[in-house]
Amino acid sequence: MLEFRTQGFNGYAVKYSPFFDSRIAVASAANFGLIGNGRLYILGLTPKGIVAEKWFDTQDSLYDLAWSESHENQCVVATGDGSIKLFDISLDQFPVQSWQEHKREVFAVHWNLVAKDTFCSSSWDGTIKIWSPHRPDSLLTLPTHSCTYSASFSPHSPSILSSVSSDSHLRIFDLRTPSSASNHLTASIPIHTPPPPSSFSSHSPSPTNANIPTLPPSEALTQDWNKYRSTLIATAGVDRLIRVFDTRNLNPVQGPVAILPGHEYAVRKL
């Protein structure tokens, strides 16, 4: 097993390069992200172990990162001061681009896997923003009106993205729809809607024993699309449960199609 210690910094996100299977990037923060600097590590997996090829220090904590899908040397990071920075790892020090539109901490960034020329960010200021690395300003702002911990594009569509927020809602946006009053919002699902009894996996306790349907709403921290079935998306958060939703049936009354208990602490990442 290979191991690398980010001495003095605590890791928040780690991603493999989409171009090199021996290169990973790590977003980290001093003092567990509460106060202090951040550091982006570029690590190489070698026969002799993990080697730090390069690192970049930032003035505030780093909470997430995403590799560019179109440029093998570029990586975007989310910071605690509300800025988003694009680094080129072939250079030595400073970011090649920096955007400062979010009013609070940026907690997630995600590159569009289909279009490859845009990425999104989500922030505690209650907004999601769509960006192009070639533009000085954001392309679009999607309000969620709630602290948004995670946002990502669907791996099956260049125009569909999802998010989860502190108000315990899963939101689906489709950029092909008219903006009008809904701001491209096509679904807003309360995550803690009690599911039908058939939603519990065969390995889970029964709804009566688990008492899952009576859990109060809590912050949703993470979500992820199924890479092989385009309609499935999973969410998780403070209540320690993973819920799976089917976007073909996002009736708020229906609830999730599956609930997976088992974690003893909050689920930070899927």
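A: A cavity is a set of points, on a 1 Å grid over the protein atoms alone, where a 1.4 Å probe fits but cannot get out; a pocket is an open set with protein on both sides within 12 Å along at least five of seven lines, and lining residues have an atom within 4 Å of a point. Grid points are joined across faces, edges and corners, and a volume is the space filled by probe spheres set on the points. This is a predicted model, where local features need pLDDT of at least 70 and side-chain atom pairs count only at pLDDT 80 or more, while totals for chains, interfaces and linings use all residues. Residues are numbered from 1 along each chain as its sequence is written, and side-chain values use heavy atoms, with hydrogens and water left out.

Q: How many cavities of 30 Å³ or more are there?
A: The whole structure has three. The largest cavity holds about 60 Å³.

Q: Which residues lie nearest the centre of the largest cavity?
A: They are Ile191, His192, Ala236, Gly237 and Arg243, out of 13 lining residues. Strand 18 (residues 232-237) gives the largest share of that lining, three residues. Strands here are DSSP runs of E, at least two residues, numbered from the N terminus.

Q: Changing topic: how many aromatic pairs does the search find?
A: It finds 11. Rings of Phe, Tyr and Trp (its six-membered ring) pair if their centres lie within 6.5 Å; planes under 30 degrees apart count as stacked, over 60 as edge-to-face and the rest as tilted.

Q: Why is the pair of tryptophan 124 and tyrosine 149 edge-to-face?
A: Because their planes are at 70°, with the ring centres 6.3 Å apart. Tryptophan 124 is in the loop between strand 10 (119-123) and strand 11 (127-131) and tyrosine 149 in strand 13, so the pair ties together parts 25 residues apart in sequence.

Q: Is tyrosine 149 buried or exposed?
A: Tyrosine 149 is buried, at a relative accessible area of 11%, and tryptophan 124 is partly exposed at 23%. Buried means under 20% relative accessible area, exposed over 50%, and partly exposed in between (1.4 Å probe, protein chains only).

Methods:
Helix = DSSP H or I, 4+ residues; strand = E, 2+ residues; numbered from the N terminus.
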